[in-house]
Amino acid sequence: MKKAGGKQKKPQTVGDKAEVLEKDAMALKDSQTSAEGKAEEEVGGGDPEVEKLPEGQEGEAEEEGEEEVTVPVTAASQVWIKTRQYVGTPRRQDFLLKSEELRCIEDGEILVKALCWTVEHYMRIFDIPLGSTMIGEQVATVVDSRHPDFPVTSLVVVPTGWRTFSIVNPGVTLVREVPDLAGLPVSLCLGTLGLPGLTAYFGLLDICQAMNGDVVLVNAAAGCVGSLVGQLAKLQNCSVIGFAGSKARCDWMRELGFDHVFNYNAVNPGAAVRRAAPNGVDCYFDNVGAGFTEDVLGCVKPMGRVCVCGDVATYRQQLPEEYKPDPYRLVSLIKRRVSTHTVFDFAHRFAEAEARLLDWVHQGKLRYQHTEYSGFRQLPEALAALYDGEKAGKLVVTSDDDQPPLLKADDVIE
Ligand SMILES: NC(=O)c1ccc[n+]([C@@H]2O[C@H](COP(=O)([O-])OP(=O)(O)OC[C@H]3O[C@@H](n4cnc5c(N)ncnc54)[C@H](OP(=O)(O)O)[C@@H]3O)[C@@H](O)[C@H]2O)c1
């Protein structure tokens, strides 16, 4: 290990930051022994960059308090690395938990500590190189800052992946500020106000252009995106047909006010849609693809609008791309307007969408469910639960602070 940072000289700011540092120094003192032990237990073992504070050193910053100092902060972050290609559902054996020492931040950067992480299908779909840190968004708190717009203690959403601490340059990476949630959980910024909510918003309102009186069909409709699509469609005075795979999930859709609810394991989707919408479907929001879409695409009216959001039915197939079922090759596309999008096509309008979605949540017009896993170490299990586990609504993993705390620069001596 190397010594990070140097002797502190000049007073700049202490305030909130000192409080955070003090808390973290205390936490370091309390927990480092167990943190080291735990990291070594992991598959393949990490090399935690955590050292015991010399006796009495933890109070040093305050004792020198007459001459205020800004303490450069460095952190030992835990990171999950992808080490194996998935076969079907991702499993814990596909990942390795490691510890990583971070340098001190530079001008324009912030150091953030994760509060909660999302798990989403793109983590299964994107073929990231083996040996890379797992991708994904997290809600985090700023613990050190050299950026004027993101002071210490601000809350942000950052795409820094499966890590407990991250250095971010907001000039380079999309950093979203957590809005005033008035008591709602911050994990909302990973669901209704996060990429799934934004995906539902732009997919339905911009791509499908759902409007008063339209018939909207949505599948995976009890999931995070689908349940929001259905509710947003109701806010547009549309008639909504939703499909999910169990009774409990169908009941949830009924609670949300969907007009027609079907269990795709119990009915033929095409026949059910023809019954529910004999004059055809105006907007089809497709999260599933494959056989489901082959069945229902013919129910979409000529000039109807189709938003190809995802094809969750194929995510665990081992077939090469060219062999995956692709119902959109079919001739039934003619006269239908099919668009695919990634939510980032609308990145310039995230703030607008977030404000409207939050307003609807506050008014009780958008409802949500979360299934929470507790602890950074649970991320692989949470990802597997996207496919195999019992869950309702958005899956999130919250920090239980089972992680090496912040290290003050002068305390990292190797
Ligand atoms: N384009 C974008 O930028 C973007 C952004 C975010 C998400 N997405 C896509 O949006 C879709 C929904 O994401 P989400 O976050 O809402 O996921 P989610 O909450 O996990 O919901 C997905 C649901 O799909 C259903 N499902 C799984 N396999 C199925 C199958 N073979 N046939 C029919 N239904 C199946 C399951 O519900 P049941 O058990 O009830 O069937 C599952 O809960 C995914 O395809 C995702 O990739 C796209």
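**Reading a predicted model together**

Mentor: Let's begin with the ligand: domain 1 (15-191 + 372-411) and domain 2 (195-362) each give at least three residues to the shell around it, with the domain bounds coming from an automatic or database domain assignment. This is a predicted model, where local features need pLDDT of at least 70, side-chain atom pairs count only at pLDDT 80 or more, and totals for chains, interfaces and linings use all residues. Residues are numbered from 1 along each chain as its sequence is written.

Trainee: Which residues come nearest to the ligand?

Mentor: Ala-220, Gly-223, Ala-244, Gly-245 and Gly-310, out of 28 residues around the ligand. A residue is near a molecule if its C-beta atom, placed from the backbone, lies within 6 Å of it.

Trainee: How many residues of each class does the shell around the ligand have?

Mentor: There are 15 nonpolar, eleven polar and two charged residues. Ala, Val, Leu, Ile, Met, Phe, Trp, Tyr, Cys and Pro count as nonpolar, Asp, Glu, Lys and Arg as charged, and the others, Gly among them, as polar.

Trainee: Why is Val-281 called buried?

Mentor: The cut-offs are 20 or more other C-beta atoms within 10 Å for buried, 12 or fewer for exposed, and partly exposed in between, with C-beta atoms placed from the backbone. Val-281 has 26 such atoms within 10 Å, so Val-281 is buried. You will find Val-281 in strand E11 (residues 281-286); a strand is a DSSP run of E with at least two residues, a helix one of H or I with at least four, and both are numbered from the N terminus.

Trainee: And what makes Gly-131 exposed?

Mentor: Gly-131 has 9 other C-beta atoms within 10 Å, so Gly-131 counts as exposed. Gly-131 sits in the loop between helix H3 (122-125) and strand E4 (138-145).

Trainee: Which residues does Gly-131 touch, not counting those up to four places away in sequence?

Mentor: Ile-81 and Thr-83. Contact requires C-beta atoms, placed from the backbone, within 7 Å.

Trainee: Where does pLDDT stay under 50?

Mentor: One such stretch is residues 1-65, and over residues 406-414 the pLDDT is also below 50. pLDDT is the predictor's confidence in each residue, from 0 to 100. Where it is low, the predicted coordinates should not be read in detail.

Trainee: What does the protein chain average?

Mentor: A pLDDT of 82, with 76% of the residues scoring at least 70.

Note on methods: Two residues are in contact if their C-beta atoms, placed from the backbone, lie within 7 Å.
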